[in-house]
Amino acid sequence: MRYPKIKSRWGAGLLFWFMLTAIHPISLCLGADLQRIEIPSSFNPVGSGARALGMSGAFIAVADDATAASWNPGGLIQLQMPEISVVYDGFHRTEANRFVRSPAASGDESVTRGRINYLSGAYPFSLLGKDMIVSLNYQRLYDFTRKWDFPLVTDEKGLFLEQRVDYKQEGDLSAVGMAWSIQATSALSFGVTLNLWDDDLSPNGWKSVTVQQGSGRDAGDAFNVQSIIYDRYSFKGMNANIGMLWIVDRKLTVGAVLKTPFEADLSHTRRGAVSVQYPGAPEFSYAASENSSADETLKMPLSFGIGAAYRFFHNLTLSLDLYRTEWDDFVRVDAHGSKWSPITGEALSDADIDPTHQIRMGMEYLWITRQRQIIPLCAGFFYDPAPAPGSPDDIFGFSLGSGIGYGIFHFDVAYQYRFGEDMGEYMMEAAGFSQNLKEHTLYASMVVHF
Amino acid sequence: MKRTLAALFLLFLLFFSSGCSRSSYNTCAEKDGRCYGVTRGAFLGRWWNYFERGTSFADGGFWQKAEADFRQALGQWDEDRRRVRTYGRHLIDYFPHRELGIVLFRQGRYPEAVQELEASLATVASARAHFYLDKARQARIEQEGLDRTPPAIRITSPASSEIISNAQTLTVEGVASDDTFVKEIRIHWQGDAALDDPIFVRIDLSEPRIGFAEEIPLRAGENEIRITVRDLAGKSSIKTIRISGDRTGPVLSASPPVRRPDGRYLLNGYAHDPSGVRTLTINGRSIGKTGAEEIAIRDILLPSHGGRAVIEAEDMAGNRTRTLVDGASLSQMEGFEAAPLLLAASDGAVIPARTRGVLTPEKRIQGYRESAENHAVIIGINDYAKWPELKTAVNDARALQKILTTRYGYEEEQIVLLTDGEATWEKILHVLSGAAARLSENDNLLVYFAGHGQLDPLTDNGYWIPRDGSRNDPSTWITNTAIRDILTNPKVKGKNILVIADSCYSGSLLRQGPGAGVAEAEPPGPPSGFFSFLRGGGSVARFGRETTDLEKRILELARQRSRQVISSGGIEPVSDRIPGAQAQENPEHSLFATYLLKALTENRLRVVDIEYLYNTRIWKSIVDQGGQRPRIGRLKTLMDADGQFVFVQDTAIAAGKAPPEKDADAVAGNTAYRRPQLPDGFPLDAAPPEIRFNRGIDGRTVYIEQVLLEIDVDDESGVQSVSVNGRKILRRPGRYLHLNHLAALEKVGENRLVIECMDQMGNRSRQEIRLHRKVQKIHETGVRMSAVPFILGPESAAKPDAESSQIAAKAYLLRRLTQCGRFNIIDATYSPNSLKTPVNSTEEMGAAMENARALDADFLIYGMLLTKEETGREAGGASLQILIDVVETDTGERLTTQDVYDEDLSLANVRNLCRGIVVKLRDALPLIGGQVVRDDGNAVIINLGESSRIKKGMHLIFFEEGEPVIDPDTGRSLGSDTVILGEGRIERLLPEFSYTKPFARMEIPGFERGQRLVMK
């Protein structure tokens, strides 16, 4: 028995559904809003360097090596001699997805990746009677790597569809920065880093590919469906980090940093194709494709932090950083001028996003051997919430770091573990979705003193 | 955007390549074209910035600015410390107190300088702080006149300043104190090491009171150890310790026991040791008074001993001698005189009347002259090599020679005159024995000696001192025994022999000595008995007999054998001159010679015997001068038949005519020494001493540094000297000697020990032994800490003298490191690389470590010679700091860091610095032994910990003693080799023990508790 009307209605509906919702798999699942931007990594990137991250990133008031520009450009002035640095990181992220209403889709999805995280060179000099320093930096801040592969079963209103969804996303947002710091008084220094986010200069974009293959029954008639959607985003913008360092006394230093909000141009390109085949009713089979592009705007929020470091002994330092990021100002403006929340994908007016506050605490102990080798021992923990409607998702973590310094070479490694539970419910609320996050990151950095 | 970025990048490159730009706070203070008061990087007002800038100001001599900066630095961080983090991962050595102290010192503010330097040393020691604190203290002491007394030295060990020891080394312990500060303690010793290479007691910093304990090597013989202590103000004190290094056991001289009629045995001999004989036992029974230099052995052995006696003696230094004498060989010695030797009574009653002089007819005189030849050996010594010069001895001898030839018919060729350089030990004995040997049955011999004499106060044996005799070595003297042996020997056929000795203690010839006898007749003071008859009215006419009868009787006495002795004195010193006014009249002769010569010259009798002449013309004249009492007597021997030595005068002379003048040249010609042509059977004792010793060790391999030689020496005429490798070990001549001597094996490898003996006749014998000395494996150079030295110097010397000092220091330092006995230096080539700054040294160290690992060395000795121009000194100059790290190559573990510092760059002081740094290294890495406490397989616990000063990373050797090498003759151990069981590394240190990780372990189940070990 056939139901052409129904077939016709659902056939067109399927095409539309595939064409418009294949931005990301979560959208696939629920036909959710298209304006979401998935950021699997931390929403709150801080600075770089294995030493600093071994202290869990509590480095605003320390900021005394070649990575200072990424933490607090005001601390750069502490470098009395030129230094260069290179940082590499590798992570393994596991997302344990849970679909209450589609249990077959539940499961662990994980990705592993490694790449250069940071490069910098800093050079102190004196000009017009003032000590200052310049630094050139490259830093990768956001990571978009995500890879999901899961079965999806839909059984709704006479339409039964069983398909396999293969979704991959990768890309980065990075900045090339030029930092400058000046000694204002013997106790106070300022600095600024000008960050260029340009896909032409450094990786600033991401892409995703979604492949869906499945079969089902439409009013009793079997059909096969297949689609492939490719999206590419390119990001371009510029902002500044402004920092300050105050040497209160020989033991206590206080730092502050402000990362200015900025509007980035987001260029979106899509290519897609979909086909639905009814073997028993070829007249209902059809195929479609789409090529489109759009220029949008992404408004990045203001972020600022304050930190304090206390040097109990010459070789033992404790530090504490607090950060606030105004995620309620994180806005995606489409080509039509409509404003969306990139977090929820809802209209900005409907999104209930609050600012987040990070807390980072760390310590560094230097074991200085009699042969002048420096063996650091770093540790710390942090609270790094992800913005979410209502209240942020809680993410915690800790880190451990060590290394060896010998002569002008200082090699550090740090391990960081981030974890969160029952996150992202807002993403697929109807599917009863939530996820647990486990992320292991290993940082390795080399700083050379000249 | 790209253009923006490119512009930023170019801007950055422009800055980066624009060169170093100094901080705005680095206000350059110029001096001599150089810029001071600058820092290498930006000046941020941090403590390390102030410290660096202050150091720069101080380098330029801007004391006040430097002081201000150091005080600023101290205001922020007030603790001197090495390797302090400044920012990031940057380290500096931070010494604000020290540098402030130096700046204050330069400004003459000594009390403040002392305070700051002491504050620096309270937290971290540095050679530079030590150096300047001493200087500041010294300046303060001089400024305030605080030093009043020189340092005091108290020696706690040894307990006495004059001791005897048989040890190889002596630990000198004591305390030096001063009312200010003790700066230097030096210990010189007069041994094999030269006095110019003393031990410097390690003093890093002067202190009011410093204890010291140093081990000093001792040599055999006299050792003088001089401890010199100097205080900061320059006052010094000296204390001297004299150690007699005695490694020779007591000499045992014992003849084989003589069997007596009652079946018991009589043992005669003596034990002698210069240090004193502590114990003496015969067959286990203690005899004699201990502590004496010589103990006589006169012991009766029970028949049960069978004539065997085991004699053991130990001297005060602990050396022992043991010997066995056996009466079984007595059959050859039956003639040995066992009974006490008889002395003639000193009163004239025992002297037969027939021995007194009478006159004979001329015919008899002629007959006597034709039948007898007169010989003389005349010795006179003024010019001694090691004794005080005499004035009259040679004149006395020559005058006697002249009288004998001119008045008494002695032929010149029959007189041997030995004076000064000719009168050596050897020549005297040869001439004497030769002259004695040539005597025929009717010949007479007169022996005259004028020179120094000596007396052994313990044995009462006397000596003539030859020209080459030493001051305190009797073996270089001529013993009375030797003289007696020659003159009383049955082979000497001469009729009458007269010995006239004009020397100190010459009366000892007339006293009993070991194995010899004399009969002494000393004229009593006032005439009595026979003498009163003889001397009566002072003229022979008073005899009331015809002179010819007397001559006849005297000549009869002359035909009987005699062995007579006249000494110028008794057992006392005698005068070399005539005392009082008479010295002016005849200053060329001694008191005794004056009257002897006068008696011979003024004699008017044709025939006169010596006793008459002595009794009537000599004795009283001398005694009347006071103090000196000549003696006359006879040697107790079968060769003396109570005859008389007779002088027969030419008839004309006796009648009062002047003697004919002799040609002076002929007289002089007689002084030449002519070696006697000895007939067969001479010398009297032709056999050299017989040497026996523990020969079984010959060719052996030993592991000890000294070996005990047990030596027996016999000689018929007496052993005069015994030496081992040229070092005399015999102080007391004797016939049957037993000596123990610890002979040093001075080198690793083959050692030759040459034993040489000489008897009193000059016969020599020689024995040689070869021993191969090996070092125990654990002490071989190859198992020491293998190390590669890597010494860096500054890029360029601040001053020319600094450069030369640096070159000298490098070479000398390497030599010291090689010789110090702690390292096996496997590559002594040092890098000529320059050292830009100490901070950059870590790079050089990395390269050096790679090099050391490539050479498979256990350790790297990483040294830096840091010279720096020092401004503000009165004369200007530079300083030298030697900084050395010892680093384990495998782990990079730094075992120790030591440094020395000085501003005196003289070559001598640079050497002292090198010595000092090596001493510090040796102190820091002690060579000590220990034992295994427990072996857990992976870890071995040993009983050495931090308190033993060992360090983590040090290597050690586990070993056990091998089979000992035994001397087959004595049964004594000659040492043993060691077997190395494995090596290990100190992994974890605790105060009293430590954990070690064994490696290179031999295939053994495990180390046992108590297993021995030694640090590498």
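At 46% relative accessibility, B:Arg766 counts as partly exposed, a class that lies between buried (under 20% relative accessible area) and exposed (over 50%), judged with a 1.4 Å probe and protein chains only. The model is predicted, so local features need pLDDT of at least 70 and side-chain atom pairs count only at pLDDT 80 or more, while totals for chains, interfaces and linings use all residues. Residues are numbered from 1 along each chain as its sequence is written, chains are lettered from A and ligands numbered from 1 in the order in which they are written, and side-chain values use heavy atoms, without hydrogens and water.

The partner of B:Arg766 is B:Glu756, with which B:Arg766 forms a salt bridge whose closest N and O atoms are 3.9 Å apart; the term requires a side-chain nitrogen of Lys or Arg within 4 Å of a carboxyl oxygen of Asp or Glu. Because B:Arg766 belongs to strand 38 (residues 764–773) of chain B and B:Glu756 to strand 37 (residues 749–759) of chain B, the pair ties together parts that are ten residues apart in sequence. Helices (H or I, at least four residues) and strands (E, at least two) are DSSP runs, numbered from the N terminus. B:Glu756 is also partly exposed, at 34% relative accessibility.

In chain A, salt bridges that share partners link A:Asp89, A:Arg93, A:Arg113, A:Arg115, A:Arg140, A:Asp143, A:Asp172, A:Arg360, A:Asp384, A:Arg418 and A:Glu439 into one network. Over all chains, the count of salt bridges comes to 68.

One of these crosses between the chains: it joins B:Arg85 and A:Glu364 through their side chains, at 2.9 Å from N to O. B:Arg85 stands in strand 3 (residues 81–85) of chain B, and A:Glu364 in strand 16 (residues 356–368) of chain A. B:Arg85 is buried, because its relative accessible area is 1%. A:Glu364 likewise counts as buried, at 1% relative accessibility.

Another salt bridge lies within chain B, where the side chains of B:Glu112 and B:Arg71 meet at 3.9 Å, N to O. B:Glu112 is part of helix 5 (residues 110–123) of chain B and B:Arg71 part of helix 3 (residues 63–76) of chain B, so this contact ties together parts that are 41 residues apart in sequence. With a relative accessible area of 31%, B:Glu112 is partly exposed, and B:Arg71, with 35%, is partly exposed as well.

A further arginine, B:Arg247, is found in the loop between strand 11 (236–245) and strand 12 (251–254) of chain B. B:Arg247 counts as buried because its relative accessibility is 6%. Although B:Arg247 and B:Gln706 are 459 residues apart in sequence, their C-alpha atoms are 9.9 Å apart in space.

The description now turns to strand pairing in chain A. Strand 20 (residues 433–449) of chain A runs antiparallel to strand 1 (residues 83–99) of chain A, and 17 bridges join the two; strands pair if DSSP finds at least two bridges between them. Within strand 20 of chain A, A:Val447 is the bridge partner of A:Ser85. Strand 20 of chain A also pairs with strand 19 (residues 409–423) of chain A, in the antiparallel sense and over 13 bridges. A:Tyr415 has A:Leu442 as its bridge partner in strand 20 of chain A.

A:Asp329 has its place in the loop between strand 13 (316–325) and strand 14 (331–333) of chain A. A:Asp329 counts as partly exposed because its relative accessibility is 40%.
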